[in-house]
Amino acid sequence: MISHTYIGINNFEPAFAFYSKVLSALGLELKFQERDKPWAGWKAPDAPRPLFLIGRPYDSNPAGHGDGQMIALLAPDRAAVDEAHALALAHGGACEGPPGLRPHYHPDYYGAYFRDPEGNKLCVCCHDPVQAID
């Protein structure tokens, strides 16, 4: 359904450090990085798309975050939600809701909310039930 998502940023190096840590916790890998543009993109290891991209706006105007806009990233499990949230906060992000169940969405929805260093809102979530350990 989605080819790519592009997040406008103004300060590439801190944004790149932030997203590199958070997206790695979700199992995504860096596809490319061009500091001279500047922009970078990540993807799942087994697929060419969708891409998650960060970079300066094409029109060279300052990037801004939109009120009411959020990107939700799928985590492979609840531990990855916890790790991504902790890494986001450790690398300049701000908490918008700690990791936990959100049963008002559905019984197994486990998510965390945060903003990147430039104010863009993100969610990391897992929809799977906890697996029983035998």
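Strands β5 and β8 (residues 121-126) run parallel and are joined by four bridges. Ile71 stands opposite Leu122 in β8. Strands here are DSSP runs of E with at least two residues, helices are runs of H or I with at least four, and both are numbered from the N terminus. Two strands count as paired if DSSP finds at least two bridges between them.

This is a predicted model, in which local features need pLDDT of at least 70 and side-chain atom pairs count only at pLDDT 80 or more, while totals for chains, interfaces and linings use all residues. Residues are numbered from 1 along each chain as its sequence is written, and side-chain values use heavy atoms, with hydrogens and water left out.

**Sheets**

The β5 and β8 pair belongs to an open sheet of four strands with mixed pairing, in the order β5-β8-β7-β6. β5 and β6 (94-101) are the edges and have a single partner strand each, so one side of each lacks a neighbour in the sheet. Direction ignored, neighbouring strands of this sheet are turned by 15 degrees against each other on average. Angles run from 0 to 180 degrees between N-to-C directions, and axes are lines fitted to C-alpha atoms, for helices over the stretch in contact.

Another open sheet has four strands in the order β1-β4-β3-β2, again with mixed pairing. Its edge strands, β1 and β2, each pair on one side only. The twist averages 15 degrees from one strand to the next. β3 and β4 pair in the antiparallel sense over four bridges. Within this sheet, Trp42 stands opposite Phe52 in β4. In general, strands of a sheet pair through backbone hydrogen bonds, either parallel or antiparallel.

**Helix packing**

Helix α1 touches β1, β2, β3 and β4 as it packs on this sheet, and its direction makes about 5 degrees with that of β3. Contact means heavy atoms within 4.5 Å. α1 also lies across β5, β7 (110-115) and β8, running at about 175 degrees to β7.

α1 (residues 12-25) has a helix partner too: its axis and that of α2 (residues 78-90) come within 8 Å and cross at roughly 170 degrees. That makes α1 roughly antiparallel to α2. Angles over 145 degrees count as roughly antiparallel, under 35 as roughly parallel, 65 to 115 as roughly perpendicular and the rest as oblique. On the α1 side, the contact uses Phe18, Lys21, Val22 and Ala25; α2 supplies Ala80, Glu83, Ala84, Leu87 and Ala88. These residues divide into seven nonpolar, no polar and two charged. Nonpolar covers Ala, Val, Leu, Ile, Met, Phe, Trp, Tyr, Cys and Pro; charged covers Asp, Glu, Lys and Arg; the others, Gly among them, are polar.

**Pockets**

A pocket is an open set of points on a 1 Å grid over the protein atoms alone, with protein on both sides within 12 Å along at least five of seven lines; a cavity is a set where a 1.4 Å probe fits but cannot get out, and lining residues have an atom within 4 Å of a point. Grid points are joined across faces, edges and corners, and a volume is the space filled by probe spheres set on the points.

| Pocket | Volume | Lining by class |
|---|---|---|
| Largest pocket | about 470 Å³ | 17 nonpolar, two polar, two charged residues |
| Second largest pocket | about 150 Å³ | four nonpolar, six polar, one charged residues |

The largest pocket is lined by 21 residues, and Leu28, Pro50, Ala72, Leu73 and Leu74 lie nearest its centre. β3 (39-43), β4 (51-55) and β5 (71-74) are the elements that give two or more residues to this lining. β5 provides the largest share, four residues.

Residues lining the second largest pocket include Tyr6, Ile7, Gly8, His65, Ile71, Asn120 and Lys121. Strand β1 (residues 4-8) gives the largest share of that lining, three residues.

**Backbone exceptions**

Most residues other than glycine have a negative phi, and most peptide bonds are trans. Lys37 and Pro38 are joined by a cis peptide bond, with omega about -20 degrees. Pro38 lies in the loop between β2 (29-34) and β3. Arg49 and Pro50 are also joined by a cis peptide bond, with omega about 5 degrees. Pro50 lies in the loop between β3 and β4. Ser60, a residue other than glycine, has a positive phi near 70 degrees. Ser60 is in the loop between β4 and β5.
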